[in-house]
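Please open the model in your viewer and keep the selection tool at hand. The stops below say what to select and what is there.

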Amino acid sequence: MSLADELLADFEELGDDGDEEAKDNVAGVDEEQQKLEEEMMLVGKLSIHQIAKLQSSGQLARVLQDIEKYTGESRSEPVFGPVEQDPEYKLIVEANNLAAEIDNEIAVIHKYVIDEYSLRFPELQSLVVSPLEYIMTVKRLLNDLEVTKSELAEVLPPATIMVVSVTASTTQGKRLQKDDINRIEEACDMALELNEGKLTIYQYVEGRMSFIAPNITVLVGAPAAAKLMGVAGGLTSLSRMPACNIMVLGAARRLLSGFSSAQVQPHTGLLFYCEIVQGVPPDFRRKAVRLLASKCALAARVDSFHERPDASMGVELREQIEDKLAKLQEPAPPKQQKALPRPDDGVKKKRGGRRVRKMKERYAASDMRKQANRMTFAEINEDAYQEDLGVSTGNLGKGGTGKIRAAANDKKTKVTMSKRLQREVQRQQAYGGKTSIRGAVSGTASSVAFTPLQGLEIVNPQAAETSGAQSNKYFGSGGGFSRVKSSGSS
């Protein structure tokens, strides 16, 4: 037997073993699925009393009996001593906790009815979302889906009735057996009875909270006041709490690991859902909750000492809250237009002195800039950059001294020359100038002169000085009268 034949034989044995294991696994899965189906059938056949046991418990019956007892008695005297020792206060706290359990029980019954009635009308679950409305709708429909609109008008709005009627005519559900209908009717009756018990509890709590905590009741309402005291552990415990803790009483801790928390509102307890908070715009609800929590702390301390039994303090605190919330919602005042100042206002005093004058001289416009900014009327100037930019040199280069920056002359600091000095300067500036030999002047004075007729000419500076002195003797500005001798006297 070759090596290839041995490998093929081994593969065939492995394949046979794998097929047997796969068959065993499939058989095990089928058995588990069959067991689950049997358990689901058993659960589906269970009675509602085996699932929802609150109604058959003695607690609900006892609380409703005590409520009926205290409701028949009229109570007008105020509470004395610690409020936790009052028997009616204990009943209020227990009834308030029982109302929350009733809501959970109605949710369980709603799920049971959906599982049972989905065989007949599976689309009804998506059309009617509220648990009580769904239960009351199922109680009126049952197997007969062609009921009149007047029968559903007491339960559903007209738009929903129209959608339910159209969907019921096209549903693919099957008719239920008589046993299934009996179980569904029994579950619906239990849910409606529990709802009536909850309404009775709420009415009792609202009527009795005015004696236990009148100021808190006026401030937040009877249901919210009862829930606050129930969560806090009593009126005394509530009065010892700061406002920041009262604000988060009853807040449900949400564990949203891996989910978005954009819609989660942190620090929202029972006070956040009060009427006075929900009545303001969403942008101001956070401030309204903080304001309401601080006032609740004051009202709880007043009620714990049994002060103001007429709820006058609660009325005052509620008015303060409403005034502050109304002030927050007021629009911003319009911007006032300020009038312009009078045009004849006096000139303001400005800083002067030597330092300011020096600064002005330093930053004064030069003659070059003045000529560049100056334009001649009715004359086309050429552009400085040979482009159509409108930038020209103005009158620069067309006249003037040619200096780039002229010295700024100040009349106060300008040097003045006397008349005698002026005559001396004029004498020295005579034709040919002054030689450097006789006078103590620089060597620039020379006897060489440039004339327009002969060009370069050599003159005698002393002759010019002598002739100038003789001419100035009689006709100069410094000349005076002279005495002339007569010829007859000689």
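A salt bridge here is a side-chain nitrogen of Lys or Arg within 4 Å of a carboxyl oxygen of Asp or Glu. This is a predicted model, in which local features need pLDDT of at least 70, side-chain atom pairs count only at pLDDT 80 or more, and totals for chains, interfaces and linings use all residues. Residues are numbered from 1 along each chain as its sequence is written, and side-chain values use heavy atoms, with hydrogens and water left out.

**Salt bridges**

The whole structure holds eight salt bridges. Select Asp115 and Lys111: their side chains form one, at 3.0 Å from N to O. Both residues belong to helix H3, four residues apart, about one turn of the helix (helices are DSSP runs of H or I, at least four residues, numbered from the N terminus). Asp115 is partly exposed at 44% relative accessible area (buried is under 20%, exposed over 50%, partly exposed in between, with a 1.4 Å probe and protein chains only). Lys111 is also partly exposed, at 47%.

Next select Asp189 and Lys139, whose closest N and O atoms are 2.7 Å apart in a salt bridge. Asp189 is in helix H8 (residues 178-212) and Lys139 in helix H5 (residues 131-141), so this pair ties together parts 50 residues apart in sequence.

Stay in helix H8 for Arg183 and Asp180, three residues apart, about one helical turn. Their salt bridge has a closest N to O distance of 2.2 Å. Arg183 is buried at 13%, and Asp180 is buried at 10%.

**A buried charge**

Which side chain of opposite charge is nearest to Glu105? Select Glu105 in helix H3 (residues 87-117). Glu105 is buried and has no salt bridge; the nearest side chain of opposite charge is Lys53, 9.2 Å away (Lys and Arg count as positive, Asp and Glu as negative; His and the chain ends are not counted).

**Aromatic rings**

Select Phe272 and Tyr273, an edge-to-face pair with 5.4 Å between centres and 85° between planes (ring centres of Phe, Tyr or the six-membered ring of Trp within 6.5 Å; planes under 30 degrees apart are stacked, over 60 edge-to-face, the rest tilted). Phe272 is buried at 6%, whereas Tyr273 is exposed at 51%.

**Confidence**

Finally, colour by pLDDT, the predictor's confidence in each residue from 0 to 100. The chain mean is 75, and 67% of residues reach 70 or more.

How values were computed
Helix = DSSP H or I, 4+ residues; strand = E, 2+ residues; numbered from the N terminus.
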